Amino acid sequence: MKVHCLLQLKRDRLDPLKEDFRNFLYVVWKHLGLPDPTPAQYQIAYYLQHGFVETYNPKVGRTDMIRAFRGIGKSYITAAFVLWCLYRDPVNAKIMVVSASGTKAKEFVSQVKTIMMTMPLLAGIRPTDEQRNSFDRFDVRGASIAQQPSVKAVGIKGQLPGNRATLIVADDIEVVENSRTEAARETVMRQINEFEAIKVPFDEVSQRPAADVIFLGTPQTEESIYNRLVRERGYNCFTIPARVPGPRTHPLENYQLIRDEDGKKVNILAPFVQELMDMGKEGQPTDPLRFSDEDLLSRESKGRSWFALQYMLDTTLSDAERYPLKQKDLVVMPLNAHKAPLVVQWGVDSDKRNVLQGIANVGFTGDVLLGPLFLDKDYRPYEGSVLFVDPSGRGADETAWAVIKVLNGSMYVTKVGGYAGDVQEAMRKVATVAREQNVNRILVEPNYAGQVWISAFMPILSRIWPGKNGEPGGCTVEESEWAKGQKEQRIIDTMEPVMNQHRLIIDEDVARDETFMYQLTHITRERGSLHHDDRLDAVAGAVAYFVKVLEMDAQQNLQNYKDQELQELLDDFMLTIDNGGSRFKAHRPDTEVYQFGSQGYRSTVDYSLTKGNYW
């Protein structure tokens, strides 16, 4: 048997595809019509073949983990690795693919089989008519006769006992559904314990190494089971974040885990990423051929906490990531109910002159409220407005409402409120706010029989704000489609991208609403993280309604707006000349200009909204 192993090794050295998995990967990529593997993908391929050589013990086998950002292709590369293992040793290879669900594992195996059945190089190992050959398990030609097929798919909650494998590929066994709670994570860890019984042990006679276990995954929580496998069970970890970490963004200690056995601090970053850090490449893409800086910026705009976990693979979620909605991402200023500046610029002045001191900070230390860095002197009517109502349910819930208006791609929160008393009185308050704010539409969250609430509300709205031509009320009222999915998740997923892009501008009175601001700054993705979230839910519902506004290019929209105005002025002027008269009159608002700091940032406050002056 030992002679057989030596002969196999010599044959591998004569075949560059068997000797180096990277060569095999290149051939598979060409067969699939893909571009050449990127340097980062070749790094994954090398690690799949060799692991950490300095810690390898053939009597124990490999216990390795690859954590890489979404989209780098780790599952595709590992599917090719499974084929490479079959290509090198079709007789003895017994590979089990385990995923969070049986369906996901079957998709992996189906992909492996499809490549094998279409790639001429692998024609020699395709199953014969007498062998097992189904979508979730199959044998390869020449495989030893055994209960275990050459490749098999199993879900982490499936029938693990009774299997045997020379290689276990655990592909994305941690997902949102099985990692949200401590009990769910413990269940997954108990299932992983079964791997030890599945592994083929070291063979003393042939010196065949013990089976390997390779995990592929992306952490879903700061309490990720992938961290526990490193700390508690000594797994090696090869981590590739989307950007090169560094002290200003994601310091090295965020990628260091302490093993329980010896207290040793382990650096889980891939060596090539560590080299990029040492070269001062912080913030640059680790795989620029796969994702450019622009691509990553686009993904990061969907939410910092989500990006930190899914792309930077940083599981050391501090308060900064645990509570993702930040006051400092807002712009706070007095808002007019009918008009707003065409441009409101967010930023921190060099002298911090626009950091607001007169409003209580109910957020976390260092999370400040900011006034605008710059205000355009041109004010225009809002392009649309909505009042979102979250009717009170049972217990101490309140009826909450929020008014949001839009102009030039920005959202203006002009009013937020709530009332925990009599439902009829709450309806009267909502109707009064709708009239005062002159909203176009009222949306009602469908929870707690939204249509019943609307039917009771319409007569009250008609009395307080009579509509035109005898219509019931001065605006439309309809049920929203907002309440779908876990509340905390949908609130954060809706609010965080808008706030990260600094498109949400709130009135000073809204910033003084400590109930709302507490809800905003203390919500997490955990179910039930807030005892009450009514006002925040109302704001998020209104934001969701206008979220398509973010697709607008604010600068282009501004230019189009001004071009249209100029054309109207020119048309007006030409009409005046043609009529031989002089009715052309320009308007100019009274303004007051403030200058902040040494950089000369200017902010203009428009008083003409109330005075209506002309010249």
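Let's start with two helices: the axes of helix H4, residues 39-50, and helix H5 come within 10 Å and cross at roughly 40°. Before I go on, please keep in mind that this is a predicted model.

So what do we call an angle like that? As for the hand of the crossing, H4 and H5 make a right-handed one.

If you'd like to find the place on your screen, look for the residues that meet. From H4 we have Gln41, Ile44, Ala45, Leu48 and Gln49, and they meet Ile77, Thr78, Phe81 and Trp84 of H5.

In soluble globular proteins, nonpolar side chains tend to be buried together. Here, the largest nonpolar core has 87 residues, and the members that touch the most others are Phe21, Phe195, Phe215 and Ile240. Which element gives this core its largest share? That is our friend helix H5, residues 74-88, with 10 residues. There is also another core, lying apart from this one; it has 38 residues, including Val362, Met495, Val498 and Ala511.

Let me stay with Ile240 for a moment. Setting aside residues up to four places away in sequence, Ile240 touches a list of residues that includes Ala40, Ile44, Phe69, Ala270 and Leu313.

Is Ser224 buried or exposed? Its relative accessible area is 0%, so Ser224 is buried. You'll find Ser224 in the loop between strand E6 (212-217) and helix H10 (225-233). A polar atom of the Ser224 side chain lies 3.1 Å from the backbone nitrogen of Tyr226. Beyond its neighbours within four places in sequence, Ser224 is in contact with Glu174 and Pro219.

The other one is Asp376, which sits in the loop between strand E13 (374-375) and strand E14 (379-381). Asp376 counts as buried because its relative accessibility is 9%, and the cut-off for buried is under 20%. Where does its side chain reach? One of its polar atoms lies 2.9 Å from the backbone nitrogen of Asp378. And which residues does Asp376 contact, leaving aside neighbours within four places in sequence? Those are Pro341, Leu342, Val343 and Lys562.

Definitions and conventions
Residues numbered from 1 in each chain as written. Predicted model: local features only at pLDDT ≥ 70, side-chain atom pairs only at ≥ 80, totals over all residues. Heavy atoms only, no water. Helix = DSSP H or I, 4+ residues; strand = E, 2+ residues; numbered from the N terminus. Buried < 20%, exposed > 50% of the residue type's maximum accessible area, 1.4 Å probe, protein only. Polar contact = N/O pair within 3.5 Å; in protein donor to acceptor, adjacent residues only side chain to side chain. Contact = heavy atoms within 4.5 Å. Core = buried A, V, L, I, M, F, W, Y, C linked by side-chain atoms within 4.5 Å. Axes fitted to C-alpha atoms, helices over the stretch in contact; angles between N-to-C directions. Left-handed = near helix turned anticlockwise from the far one by under 90°.
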